[in-house]
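This briefing covers salt bridges in one structure. It is meant for a reader who has not seen the structure before.

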Amino acid sequence: MASPALGNTRIWEDLRKEARKLEGELDVKLASYGKLCSGFEAGGKGPGPAAAADQLAKQKAAEIEALLQRLSDVNHDMSSVIAGAADSRSHTLARHRDILQDLTQEFRRLDYQLGAARDRAELLAGGAELPLLSVQVASSSGALLRERATLNSSTNYVRIQGSGAAVGAVLRRGQTRG
C-alpha cells in the first residue's frame with residue numbers, strides 16, 4: 001500500500017506538469033494574439049476580412065482567458081496539495097503564481113492595445129457606426145505614415161472649411177453695409 005506522502009508527490013508532479021504545459025500554451029497564444037493586436041488598423045465597412053479578423057481576435061481572447069483560468073485552478077490545486085508545507089514545493093508554487101501573474105498582465109496589456117486600436121479606428125472613421133477592423137501586414141512605420149497622412153488630410157479639410165466660413169462672414173458683412 002502506498003503512503004499518503006507518495007500519493008501527494010505524484011499528484012504534485014502531475015499538477016506541475018499540467019501547469020508547465022498550460023504556461024507553454026499561453027506563451028504561444030499570447031505571442032500570436034500580440035501579433036494580431038499589433039496589426040489592427042482602421043478598415044472598410046461591411047462584412048469581409050475585417051469582420052473575420054475581429055472575430056478571430058475575440059476567439060483568441062476567449063481561448064486565452066480560458067487557459068488563464070485553468071492555470072489559476074491548477075495553481076490553487078497545487079497549493080491544496082502542499083497545504084502549508086515549508087519545503088521546496090512552496091517556492092515552486094510561488095514561481096508558478098508569478099508566471100500566472102505575468103501572463104495575466106501581458107494579456108491585459110494586449111487586450112488594452114486592441115481596445116485602443118478599435119477606439120482609434122472609430123475616431124478615424126469620423127464617428128460612423130462601429131467600424132470593422134482589418135489586419136495590416138505592413139510595417140509599423142507604414143502604419144504611422146498612413147495615420148499621419150489621414151491627420152494631415154483632416155487638418156486640411158478643417159482649414160478649408162474655416163477659410164470658407166471666414167469668406168462667408170466677410171461677404172455677409174459687405175451685404176449688410178451696402
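A salt bridge is counted when a side-chain nitrogen of Lys or Arg lies within 4 Å of a carboxyl oxygen of Asp or Glu. The model shown is predicted. Searching the whole structure gives five salt bridges; those described below include Lys21 with Glu25, Glu63 with Lys29, and Arg109 with Glu106.

**A pair within helix H1**
- Lys21 and Glu25 form a salt bridge, with 4.0 Å between the closest N and O atoms.
- Both residues belong to helix H1, which spans residues 4-38, and they are four residues apart, or about one turn of the helix.
- Lys21 is exposed because its relative accessibility is 53% and exposed means over 50%.
- Glu25 is partly exposed, at a relative accessible area of 29%.

**A pair between helices H1 and H2**
- Glu63 and Lys29 form a salt bridge in which the closest N and O atoms are 3.1 Å apart.
- This pair connects distant parts of the chain, since Glu63 is in helix H2 (residues 49-82) and Lys29 is in helix H1, 34 residues apart.
- Glu63 has 31% relative accessibility and counts as partly exposed.
- Lys29 is also partly exposed, with a relative accessibility of 29%.

**A pair within helix H3**
- Arg109 and Glu106 form a salt bridge, and their closest N and O atoms are 2.7 Å apart.
- Arg109 and Glu106 are three residues apart in helix H3 (residues 88-124), so about one helical turn separates them.
- Arg109 is partly exposed at 44% relative accessibility.
- Glu106 is partly exposed at 29% relative accessibility.

Definitions and conventions. Residues are numbered from 1 along each chain as its sequence is written. This is a predicted model: local features need pLDDT of at least 70, side-chain atom pairs count only at pLDDT 80 or more; totals for chains, interfaces and linings use all residues. Side-chain values use heavy atoms; hydrogens and water are left out. Helices (H or I, at least four residues) and strands (E, at least two) are DSSP runs, numbered from the N terminus. Buried means under 20% relative accessible area, exposed over 50%, partly exposed in between (1.4 Å probe, protein chains only).
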